[in-house]
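Me: Could you take a close look at one part of this structure for me? I would like to know how the two chains meet.

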Amino acid sequence: MQQITRSIYLVANGEQVTLEIEATKVGYFTTFVVDGKLIPSEPGSDPLTHEPFTVTIGPGLTHFGRVDTHFPTSAPDDARYQLFLTGSQGGARFEGSDILKTDPSWARGLEFRRA
Amino acid sequence: MSKRNPLSRILGLICISALLSPGLAVAQQTAVTTKKLRDQIALMEKIDQDEGTSDEVRALNRTLLDERKSQLAARLVKELDGLKKYSQTMEGSLSEGETQKISSLLEGLQRELDGLKQGNNSIRDMAARTNVSTSAPARTTGSTASTNLAPPANEASRNTSNHALRSTSNTAPLLVAACFPDAPDELVRTAKTAAVAFVDNRDTTGLFGDLMFFTVSHTVAIDANREDLLKALEIKQLQEQTRRTDKQVGPPASAAGTTTLAEKPGFAEILGFAIEHGAIQKAVSGTTLNLSTTPYAFTTLNGGDTHSNYKKYGYLTRLGISADFNIQNQDNPLASARRSQLADWSVRLRLSKDRSTRSDDVEAIWHDISAEFARLSIVITDMLRSTFQSDVELETQRRLIVDRLIGVTAQPSLVAIRVNNALTRDQKIDQVAEKFICQAKTDIVDGVRSGSFKISEDSKDRIIRVTLPAYEQARTAKAAALKIFDERIEALSYKPIFTLAYNDVRPTSEINYSELKMLYQKKTGKPISLIANAGLSLYHKPNTVLRQQTVRDFAATLSFEGTTGRSPFMLESMDESQITYSFSGRYQRIFENRFVPGRKADIAFAQFKFNLPMFSGMAFPFSVTYANASELIKEKHVRTNFGFSFDTDKLLKALALAKLANP
């Protein structure tokens, strides 16, 4: 997997992509969806680790992901979520986008593109 | 060709330079009032009509004049919309004179808009779409170039309802992009989030998927004359926003939380470091310095207060340690944090389980509702999948659009906005957001309508039949899930909290003693908490001459505490200080007093207290206390205390926040 931007990645056919989320000053109130399907997280994982999904699209196409989060009222204003992404066919553990309580929107999209 | 007059040319260029200067450029985007826009237009028209203006200056001036007119027209359209809605809403509640006044205002605005329309097609189109003019509607949308050929009647109706909805919404974003005045709120909010990220030098690209979804869905629905679907969405959005009025938008607290202390080497320096990093809380009240901490706070100094850290060391939050020092030097309270100045110290151990929002209980609640919460993401990503995942050519175009949006962030003009110290943070965000909105308008709205970004008819049909109704349902489901989440968290806060407390008291004129207490706290009603505690005080070294025993006294307290909401005196918008009040009763039996004449062993107190915040860091506390005796004198008394209290830390934080908000 290669990182184009913090939210756009180049992936290979059959590659398994894993999303991890680290929460600061807030609990794990997050969900991860790819192409209309909810990707469950591994119970008790820390940082919160979602089950890997497999790249199945053809060349030139994209898997569309979306992370939606929530901040309870009592969470401080500097509470945040940080995303990390890893591909099974190499690259690195990439630092993805971050989501702050002060952001107007608490969701972020992810693109997994086939070259 | 006009005669070239060097003076006029210079004057014209000076005027145009002034209009293009950073300060005014800011204003033109966000802060310029309608009056200023009118003034600028009048000046530009004067330059245009001046015979001495050179052709090149006139051409540039006209371009800018058209832009200003478009901006003014967008504002007039919005004002007309709002006024018409107001008039409709208040119908029957207004006097004849008031109705006449509104009618005159409407006519005046309409006349001004008609005047702007002269010779400006984009404004004519804008007015036609908003249905505020009797003139024939035209065919394009917005001020950006468009080759849309949709039937005029369709065009006229398809932008009206949504715009009207925005105008009636008191929670609608303030930003109205001149290039796309009818942009749906979701698109504006997404663009603003991307703008916040850009201004903060963070990733913007995570927002472009939502930007694509909202722009395509909106365009397809409008073009299919299905504004009813958008209307339903807007209503859901308003409901959600209204429910979340508690959300604060502002700069990160991390940036504002530093304290500036006159530090002293040694222990005070270490304390200062811990305070600066939040490991120790400091409060100064009168002549007392209070320092408090929990061992957990020190585990966050290296890796931060992450959820992982909380999972590992969260149990340490059970323990709290606090110390009070008599302040010697008011200018440097921390210098008093030494043993000789120690007035008392205490340790508290929470016996009940963690019920914070990071507790296992709250995680379990989230687990129950997360599937419903995720439905919105399911709808959005499923629409993107079904639209773009089966058509390589269309997907290539989508990627190009995303690449162009990324390209926007590399434009020198945008980078200049980020580093422009003359702009406030909000101005920067609005200007950058407008760029994203305009890019989405040009590439997606105009592209879909011209066919250059060709969404298939099947996809359009699916967006209308499946995506938008599902989106509405998902929004409802998400709001309901969050309501359940909040209610169940609220229910947790009603469970009692038990704490064991140990206080080491060091009175200046008496013998040291210790207090061992069991504290009980339970919320009994929405704004009221019941607090009860009971405990024993023990002498370290009882003095038998004074008839002291190991047990000094027994005391029990019952108190009801509540809040009545935000103080009306708090003009500082970011300060949420509440008015608090309490009723307390206390019984104390001091055993040694049984043998001392003039003293009473059984002492009862009753107290009413309230605290009214006046400004940030300043409050007016008031209390009335009745006691049948004091510890030292057997005498009934009623005591009233009032005054002003200052919390310098809070004051400094408020000033820092205000500075960050308005640099």
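Reply: Happy to. Across the interface of chain A and chain B, 25 residue pairs are in polar contact, both residues at pLDDT 80 or more; a polar contact is a pair of N or O atoms within 3.5 Å, where within protein one must be able to donate a hydrogen and the other to accept it, and residues adjacent in sequence count only if both atoms are side-chain atoms. On the side of chain A that touches chain B, the elements giving two or more residues are β3 (16-24), β4 (30-34), β8 (62-69), β10 (93-100) and β11 (107-114) of chain A; strands here are DSSP runs (E, at least two residues), numbered from the N terminus. The largest share, seven residues, comes from β8(A).

This is a predicted model, in which local features need pLDDT of at least 70, side-chain atom pairs count only at pLDDT 80 or more, and totals for chains, interfaces and linings use all residues. Residues are numbered from 1 along each chain as its sequence is written, chains are lettered from A and ligands numbered from 1 in the order written, and side-chain values use heavy atoms, leaving out hydrogens and water.

In total, 54 residues of chain A are in contact (heavy atoms within 4.5 Å) with 56 residues of chain B. Phe64(A), Arg66(A) and Pro104(A) supply 15% of the area that chain A buries against chain B, more than any other three residues; buried area is the accessible area (1.4 Å probe) that two parts lose on being put together, summed over both. The rule also finds six salt bridges across the interface, each a side-chain nitrogen of Lys or Arg within 4 Å of a carboxyl oxygen of Asp or Glu. Lys478(B) and Asp68(A) meet in a salt bridge at 2.9 Å, N to O.

Technical notes: Helix = DSSP H or I, 4+ residues; strand = E, 2+ residues; numbered from the N terminus.
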